[in-house]
Amino acid sequence: MGKQVTLDLYHCAENLLQDKQALKDIIQKAMSAGDMPALVDYMHSDTHTDFSIVALCVGGHVTAHSYPRLGFIAVDIFSCDNNTNPDKVALIIKNFFNPESSKMTYLQRGDFGTISDMKPRKQTHTQTMRRVKNTGAKMLRLLSNKDD
């Protein structure tokens, strides 16, 4: 019945996460590229910096929740139209923010219990320099423990 892609983008540039108009524009561009053109969108802000955008299309939606101070944005893309490409929407948004690390989760919705394993398919991605730093830190910890 539907496809859902969720994105968790970590360590994004704060200035990109604060730019409400740029986020609104990239969501509309991504939705058009994924054959999910936005019909209407709405923006809401709970605080001076954190905000949410909801964009509706025929048979689907994109929501984005931006937390600039945390360098984090959560995006949900849902479509119940097989002629759309929510993966493409997700990748365009992800490339715009260029996060240091990310998690993309794929869900099939409305299977009516025919799929016994409901585990979503996940992809994680970490920028190369971040991996090098993490590996170096692990090696230092490992070497320092051998001296004990």
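Asp50 is in contact (heavy atoms within 4.5 Å) with Ser45, Ser66, Tyr67, Pro68 and Arg69, leaving aside its neighbours within four places in sequence. This is a predicted model, in which local features need pLDDT of at least 70, side-chain atom pairs count only at pLDDT 80 or more, and totals for chains, interfaces and linings use all residues. Residues are numbered from 1 along each chain as its sequence is written, and side-chain values use heavy atoms, with hydrogens and water left out.

Asp50 sits in the loop between strand E2 (40-45) and strand E3. Its relative accessibility is 15%, so Asp50 counts as buried (under 20% relative accessible area, 1.4 Å probe, protein chains only). Its side chain makes these polar contacts (N or O pairs within 3.5 Å, one able to donate a hydrogen and the other to accept it; residues adjacent in sequence count only if both atoms are side-chain atoms).

| Side chain | Partner side chain | Distance |
|---|---|---|
| Asp50 | Thr49 | 3.4 Å |
| Asp50 | Arg69 | 3.3 Å |

Now helix H2. Helices are DSSP runs (H or I, at least four residues), numbered from the N terminus. The buried residues of H2 are Ala22, Leu23, Ile26, Ile27, Ala30 and Met31. Seen down the helix axis, they fall within an arc of 165°, so they line one face of H2. The arc is taken from the directions from the axis to the C-beta atoms. These residues pack against strands E3 (51-57), E4 (60-67) and E5 (72-79), and against helix H3 (86-97). H2 is followed by Asp35, whose phi is positive, near 60°.

Ile93 is in contact with Leu7, Leu9, Ile27, Ala30, Val62 and Val75, leaving aside its neighbours within four places in sequence.

How values were computed
Buried < 20%, exposed > 50% of the residue type's maximum accessible area, 1.4 Å probe, protein only. Helix = DSSP H or I, 4+ residues; strand = E, 2+ residues; numbered from the N terminus.
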